[in-house]
Amino acid sequence: MQDELLTIGRFARLCRLSIKQLRHYDEMGLLAPLRVDAGSGYRYYAPAQARDALTIALLREMDLPWP
């Protein structure tokens, strides 16, 4: 069974990231939401994506270069 999806706001709080950061990661192709509502454009994330989000944030905090 698929885990319950989280709104972008709830996912941001869970990962201690801003919504702006999550949108930026999506635009860069680093972390796309699992689902985007076609009507509203609202983004939804799976709890399992939190590890990837935190890893990306940590690497960016360490100023690792991006190609």
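Residues are numbered from 1 along each chain as its sequence is written, and side-chain values use heavy atoms, with hydrogens and water left out. In this predicted model, local features need pLDDT of at least 70 and side-chain atom pairs count only at pLDDT 80 or more, while totals for chains, interfaces and linings use all residues.

The sheet comes first here. Helices (H or I, at least four residues) and strands (E, at least two) are DSSP runs, numbered from the N terminus. Three strands form an open sheet in the order E1-E3-E2, and their pairing is antiparallel; two strands pair if DSSP finds at least two bridges between them. At the edges stand strand E1 (6-7) and strand E2 (35-36), each with a single partner strand, so one side of each has no neighbour in the sheet. E1 is joined to strand E3 (residues 43-45) by 2 bridges, and these two strands run antiparallel. Across from Thr7 stands Tyr44 in E3.

Next come the helices. Their axes are lines fitted to C-alpha atoms over the stretch in contact, and angles run from 0 to 180 degrees between N-to-C directions. H1 packs against H2 at an angle of about 105°, with the axes 9 Å apart. H1 and H2 are therefore roughly perpendicular (angles under 35 degrees count as roughly parallel, over 145 as roughly antiparallel, 65 to 115 as roughly perpendicular and the rest as oblique). On the H1 side, the contact (heavy atoms within 4.5 Å) is made by Ile8, Gly9, Phe11 and Ala12, and on the H2 side by Ile19, Leu22 and Arg23. By class, these are 5 nonpolar, 1 polar and 1 charged residues. Here Ala, Val, Leu, Ile, Met, Phe, Trp, Tyr, Cys and Pro count as nonpolar, Asp, Glu, Lys and Arg as charged, and the others, Gly among them, as polar.

H1 (residues 8-15) also meets helix H3 (residues 50-61): their axes come within 10 Å and cross at roughly 60°. That angle makes H1 oblique to H3. Phe11, Leu14 and Cys15 of H1 make the contact with Ala50, Ala53 and Leu54 of H3. The residues of this contact divide into 6 nonpolar, no polar and no charged.

The last stop is Arg16, in the loop between H1 and helix H2 (19-28). Arg16 is not a glycine, yet has a positive phi of about 55°. At 79% relative accessibility, Arg16 counts as exposed (buried means under 20% relative accessible area, exposed over 50%, partly exposed in between, with a 1.4 Å probe and protein chains only).
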